[in-house]
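Here are my notes on the model you sent over. Have it open while you read.

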Amino acid sequence: MYLTKDQEKMLSGEYGWAAAKALELIVRVGGAMGAEELVEVKHAHVSGVSYTNVGDHGLEFLSDFYAKGGRARVYTTINPGCVDYSGLSNIIDNDFAARQMLVDNILQSMGFKPVHTCIPHYHRPPLENEHLAWGESSAVIYANSVFGARTNREGGPVALSASITGYTYKAGLHIESNRVARVKVEVPAISRGVPPGALGLWIGDHIREIPYITGVKNLDVSGVKSLLASMAASGNHALAVLNGITPRNTYRVEIEDKVVVEDKALEEYLGDDISSGDRVLGYVGCPHLHPVELLKVVELLRKYGPPRKGKLMITVPREYAITFQSILYELRVRGVDVAVGTCPIVSRLKEKFDVVLTNSGKALFYMKKIHGVKARIVGVEEVVKCVCRGFKS
Ligand code: F3S
């Protein structure tokens, strides 16, 4: 692999042990991916930073890495932790708070921004064709498909190494010729109100190539986020070309196959049925709520609330505890459980529920697996209406 003078210096240890080790990892992974050179990244986003994920072993590794000089060279953000940073949620279990703080302290000392969110684009929207090294599949697919940025789906160690070195390997979606949509996916159902999360799960399950999806240009931010995150959860997708949304000069289209997704095909992706007597958790915020979605939830609560037929939880970036303090206060007064900087998939729950009602295909996918509950996808309004007014009204 070709290395610049700066990269050779780093690899030989001139910038310290940690940078050399981190670059070694990137070169090794890049070699396996067929990369011929490295690229500079502008933003690294590190996932897998919850204590439930890192554990004591990871904590030891991070602390050693920090002690040996591991410091961020580029703007770096981190994914949600396993605790609610407001300490006000009655649903998220904060038993691991002390351990999570240890992880957070090290990462912050390394220069990582403690944003604790899976929507890092809220803090720094990427530019078209800008190279990134992001973990968190839902953020990766959003960066590539909505902003036209270039990132592969990186695991924690590679994203961390990219942060420490400022480089990643040039392969996969960093290369223009790999950003080619080959399957056209038409979805008449979206215009009839089928939740985008259900469509995303279907596409993730059935389409292997980069899809070119038509009929979605009127989706709002919530719909786009849910569609993409769900595809990335049920499949291995990191880029979908959304007609009318994905920036034109960031992909190519060479259609070889066409699929029309019928309403009937999506039915099984809507999830389980709800029975009367089920303890229901309504959940929106996977991925974390964008400010526009947050305001929408407030509006719906004013219309339907308070939640009397089930609990309602939302999850938001850690920073909202300050920037949207009065809105979060209003939501809490209206009976919403607001969890900050976390989500029910990376944390443990204090309460038992029979079913989760959510707008998110990704939440449906993981809540069933991790918490063993039934789950059903409906639109955001339906989630709020059901837990406030009941399932038949
Ligand atoms: Fe974010 Fe948790 Fe969903 S990290 S994408 S809210 S699984």
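This is a predicted model: local features need pLDDT of at least 70, side-chain atom pairs count only at pLDDT 80 or more; totals for chains, interfaces and linings use all residues.

1. Residues are numbered from 1 along each chain as its sequence is written, and side-chain values use heavy atoms, leaving out hydrogens and water.

2. The ligand first. Around the ligand (a heavy atom within 4 Å) you'll find P80, C118, E136, S138, Y283, G285, C286, P287, C343, I345 and K362. That shell splits into seven nonpolar, two polar and two charged residues, with Gly counted as polar and Cys, Pro and Tyr as nonpolar.

3. Where does the ligand lie relative to domain 1 and domain 3? Domain 1 (5-173) and domain 3 (272-389) each contribute shell residues, so the ligand lies between them. The domain bounds come from an automatic or database assignment.

4. Next, the three-stranded sheet: it is open and parallel, ordered β3-β2-β4. Strands here are DSSP E runs of at least two residues, numbered from the N terminus, and they pair if DSSP finds at least two bridges. β3 (75-78) and β4 (132-134) each have a single partner, so one side of each has no neighbour in the sheet. β2 (residues 43-46) pairs with β3 over four bridges, and V46 sits opposite I78 in β3.

5. The other open sheet has five parallel strands, in the order β12-β11-β10-β13-β14. Its edges are β12 (337-340) and β14 (374-377). Inside, β10 (residues 280-284) and β13 (residues 355-358) run parallel, joined by four bridges; V280 stands opposite V355 in β13.
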